[in-house]
Amino acid sequence: MHIDFSDDMRQAFVITRNEIKKFMSGKKIFLFGILLTLVIVLNAAMPYLLGGGYDYPIEVAKNFLGMIDLLIILAAVMFAATTIVSEYEERTVLILLTRPVRKWVIFIGKLIASFAIVSVFMAIMYVFTAVYSVAVTGSVVGEIGTSFGLCLCAVFGVCGFAMLLSTIAKKSSTASIMTLVLLILVLAIIGSLLQEQGIDTSWLLISAMGSIYRVLSGIPIDSLVYDAGVMIGWGVVCTAVGLILFKKRDL
């Protein structure tokens, strides 16, 4: 059977475009926009309301980006965790699978859309942090670009993880809760238990995501490339497993 890879990728980007349009017209993007705005406003105003302020760019970066890992997870919960299961839940998959489009194309198209929308939100956070830092301190911490690069690696890893859960869940709410609980609670508990036994936990997604914040201190991190590789590796493995499960999933 002849496989036209270029046509498959064209179809994947069509699915990506349609998925992004769905995100843009839904309530989730509005809700997450409010959340991000609230985080920005609080970080910008609270130090001054409490009688302090920002004197150095590192203070701005650490305050604004101190919860970036949690924001990535919440964004993935809202967008990536529901993108596959919602098609089954709403029965729109019946229409989607009748089209001459391969399942892997559908999966990759939705993954790209989820990665893109979450990345845009994170970029907004970083851009505002940089602009605000320059406005109040006159400069921006030099490591912010490296931090953003690590942030994108984390977005891919978390979105891949959320997409995997989206392929096995029966309901969108279940997929969202599973993603949130596993990433914030279960992996954290596993990491703590392993550390108590003296076992290395640097391979855990949550552990690697810590480098997004740590790099802002300007402290050289020898494992920087390793942490990026761990996050990307989680994304690749979860995407591969999710794709296999999606191909096997019945209506």
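Biologist: What does the side chain of K103 reach?

Modeller: In this predicted model, the K103 side chain reaches the backbone oxygen of K247 at 3.4 Å. A polar contact is a pair of N or O atoms within 3.5 Å, one able to donate a hydrogen and the other to accept it.

Biologist: Is K103 buried or exposed?

Modeller: K103 has 18% relative accessibility, so it counts as buried (under 20%; exposed is over 50%, partly exposed in between, 1.4 Å probe).

Biologist: Which helix is K103 in?

Modeller: K103 belongs to α7, residues 103–137. Helices are DSSP runs of H or I with at least four residues; strands are E runs of at least two.

Biologist: What about cut-offs and numbering?

Modeller: Local features need pLDDT of at least 70 and side-chain atom pairs 80 or more, while totals for chains, interfaces and linings use all residues. Residues count from 1 along each chain, and side-chain values use heavy atoms, without hydrogens and water.

Biologist: Switching topic: at what angle do α8 and α12 pack?

Modeller: About 20°, with the axes 8 Å apart; α8 spans residues 144–168 and α12 residues 224–248. They are therefore roughly parallel (angles under 35 degrees).

Biologist: Which residue classes make up the contact of α8 with α12?

Modeller: 17 nonpolar, 7 polar and no charged residues. Gly counts as polar there.

Biologist: And how many helices and strands in the protein?

Modeller: 12 helices and 0 strands. Of its 251 residues, 45% count as buried.

Biologist: What size of box do the C-alpha atoms fill?

Modeller: Roughly 65 × 45 × 35 Å along the principal axes.

Key:
Axes fitted to C-alpha atoms, helices over the stretch in contact; angles between N-to-C directions. Parallel < 35°, antiparallel > 145°, perpendicular 65-115°, else oblique.
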